[in-house]
Amino acid sequence: MRTDEIKAVIDQVAALIREHYVFPDVGQAVADRLIADQLAGRYDEFTEPVRLAEQVTTDLQVGNGDKHLRLIHHIDELFEEDEDPVAEEAAWARHVELTAAGMARAERLAGNIGVLAIKPTLYDPKYAGAALAGAMTLLWGTDALLLDLRGCRGGSPEMVALVCSYLLDGEPVHLNDLVTPSTGAVRQHWTVPVSGPRFGGTKPIWVLTSSTTFSGAEELTYNLQQLGRAVVIGERTRGGAHPREGFTVHPHLEASVPIQRALNPISGTNWEGVGISPEVEVDAETAFSEAYRRALEHVIALPVAPGRREVTDEARVAAGLVAVAG
């Protein structure tokens with residue numbers, strides 16, 4: 001990148017932060033500091049877009065720690081806004097298809113335990129709703145669920161609401177609000193009708209987290225935790241509660257600017273900067289076996305009703321194997 005290209009990127013990023021950042025006073029201060037650093041020649045040496053993105057991201061987060069506030073480098077060239085919406089839509093749909101719409105694993109484990117792993121992100125229901133419906137059709141009859149978000153880096157609030165809808169009963173439940181401080185607008189998110197059977201609101205759920213669980217994946221975790229619907233097991237999450245918007249500022253650079261803040265209707269707050277603390281804190285690699293062990297104990301303790309004998313026996317065998325492996 002030439003010096004004039006670097007200057008153009010920094011100017012655009014600063015202007016976007018001034019206009020859109022979730023906290024206007026903080027955004028103004030960040031933008032002013034960014035421009036001052038540019039005038040001082042701080043970024044002149046970063047002629048590779050990836051290195052410029054790294055340095056600017058570090059500088060943007062000084063003092064505020066907002067992990068959504070970033071300059072993101074993309075290897076593939078970005079579409080300009082409204083450049084070719086049909087091609088952009090097709091490319092995104094293809095990307096979602098190649099990641100199984102985020103449904104990385106949907107499986108019935110021994111002992112009639114369901115596992116649903118969502119990664120790398122919670123895609124919008126427009127693209128991923130059918131895949132989620134398919135996964136839940138497979139898992140709805142299991143006795144307990146391990147919802148694995150250890151590799152999930154965020155995603156769509158609408159998809160968060162849809163996942164929650166499968167894990168609760170049919171009555172509408174208020175999940176989360178998204179507040180835009182600059183306008184005072186509040187967008188409420190509630191559970192929604194689903195396609196196919198629900199897992200429902202009574203069978204136990206363990207949510208598995210890691211230190212990289214972030215953003216929308218944190219909202220999903222936090223919603224279920226605050227509702228008392230799930231036990232969180234694993235590591236404290238990364239701590240990003242400010243939904244962001246992306247702006248192309250260079251063929252390979254995207255300015256990520258937080259534009260809203262989450263507000264949980266139960267806690268009256270969110271997880272920004274602090275992450276979500278698990279009820280059962282273990283390292284991420286141990287989280288699965290620990291949750292599976294607890295789920296098997298639950299199944300073994302269920303009454304042996306007609307038709308359940310094989311499941312109970314299966315759970316006892318699996319519990320013994322988990323104990324030996326542990």
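1. Two strands pair if DSSP finds at least two bridges between them. Helices (H or I, at least four residues) and strands (E, at least two) are DSSP runs, numbered from the N terminus. By these criteria 6 bridges join strand E2 (residues 103-109) to E3, and the two strands run antiparallel. The model is predicted, so local features need pLDDT of at least 70 and side-chain atom pairs count only at pLDDT 80 or more, while totals for chains, interfaces and linings use all residues. Residues are numbered from 1 along each chain as its sequence is written, and side-chain values use heavy atoms, with hydrogens and water left out.

2. The hairpin of E2 and E3 has 3 residues between the strands, and Gly111 takes a positive phi near 95° there. Glu107 stands opposite Val115 in E3. On the other pairing, 5 bridges join E3 to E4, which run parallel; Ala144 in E4 is the bridge partner of Ile113.

3. The sheet as a whole is open, with 6 strands in the order E2-E3-E4-E7-E8-E12 and mixed pairing. Its edge strands are E2 and strand E12 (280-281), each of which pairs on one side only. Strand E8 (residues 231-234) and E12 run parallel and are joined by 2 bridges, with Gly234 opposite Glu281 in E12.

4. E3 is mostly covered: 6 of its 6 residues are buried. Buried means under 20% relative accessible area, exposed over 50%, and partly exposed in between (1.4 Å probe, protein chains only). Ile113, Val115 and Ala117 point one way from E3, and Gly114, Leu116 and Ile118 point the other way.

5. The largest nonpolar core has 36 residues, and those with the most contacts inside it are Leu116, Ile118, Leu122, Leu132, Leu147, Leu167 and Leu220. Such a core is a set of buried Ala, Val, Leu, Ile, Met, Phe, Trp, Tyr and Cys residues joined through side-chain atoms within 4.5 Å. Elements giving two or more residues to this core include strand E3 (113-118), helix H5 (125-139), strand E4 (144-148) and helix H6 (157-166). H6 supplies the largest share, 7 residues. A second, separate core of 27 residues includes Met1, Ala14, Ile17 and Val22.

6. Leaving out residues up to four places away in sequence, Leu147 touches Leu116, Ile118, Leu167, Ile205, Trp206, Val207, Leu208, Leu220 and Leu224. Contact here means heavy atoms within 4.5 Å. Leu132 lies in helix H5 and counts as buried because its relative accessibility is 0%. With the sequence exclusion of up to four places, Leu132 touches Met103, Leu116, Met159, Leu162, Val163 and Tyr166.

7. H5 lies across E2, E3 and E4, running at about 10° to E2. Axes are lines fitted to C-alpha atoms, for helices over the stretch in contact, and angles run from 0 to 180 degrees between N-to-C directions.

8. Helix H8 (residues 284-301) and helix H9 (residues 309-325) pack at an angle of about 145°, with their axes 9 Å apart. The residues in contact include Tyr292, Leu296 and Ile300 of H8 and Val311, Ala315 and Val322 of H9. By class, the residues of this contact divide into 9 nonpolar, 2 polar and 2 charged. Here Ala, Val, Leu, Ile, Met, Phe, Trp, Tyr, Cys and Pro count as nonpolar, Asp, Glu, Lys and Arg as charged, and the others, Gly among them, as polar.
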